[in-house]
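Please look at the sequence and the structure shown below. The questions that follow take up a loop residue, a pair of helices and the confidence of the prediction.

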Amino acid sequence: FLARFDALKSPLHTFHEMDYEDYFATTHRGPIGFYIYDGDHSYRNQFRGLEAAEPFFADGCVVLVDDTNDPEPRQATLD
């Protein structure tokens, strides 16, 4: 993954190997135009993964969430 990411990234792309809650609490600062959540799909993690990022969503931000056909992640995404 990292070799491909490094080969294709622009100066605007970064990769952080850390927990999403720690990342949004300590590292992230700028607006997000495209957000992908593909983490633990328990209700809590799905909800917190979206909630932690939401303050950074730019106007018109596109949010991509997978596995929303399962009941817990679907409900967390809707909530």
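**A loop residue and a helix pair**

Q: Where is the place of Asp 67?
A: Helices (H or I, at least four residues) and strands (E, at least two) are DSSP runs, numbered from the N terminus. In these terms, the place of Asp 67 is in the loop between β2 and α4.

Residues are numbered from 1 along each chain as its sequence is written, and side-chain values use heavy atoms, with hydrogens and water left out.

Q: Does Asp 67 count as buried, partly exposed or exposed, and why?
A: Buried means under 20% relative accessible area, exposed over 50%, and partly exposed in between (1.4 Å probe, protein chains only). Because its relative accessibility is 38%, Asp 67 counts as partly exposed.

Q: Which residues in α4 do Tyr 43, Gln 46, Phe 47 and Leu 50 in α3 meet?
A: Contact means heavy atoms within 4.5 Å. By this rule, the four named residues in α3 meet Glu 72, Pro 73, Gln 75, Ala 76 and Thr 77 in α4.

Q: Which element of the protein has the lowest mean pLDDT?
A: The mean pLDDT of the protein is 92, and 100% of its residues reach 70 or more. Among the elements, strand β2 (residues 57-65) has the highest mean, 95, whereas the lowest, 90, belongs to α4.

Note on methods: Predicted model: local features only at pLDDT ≥ 70, side-chain atom pairs only at ≥ 80, totals over all residues. pLDDT = per-residue confidence, 0-100.
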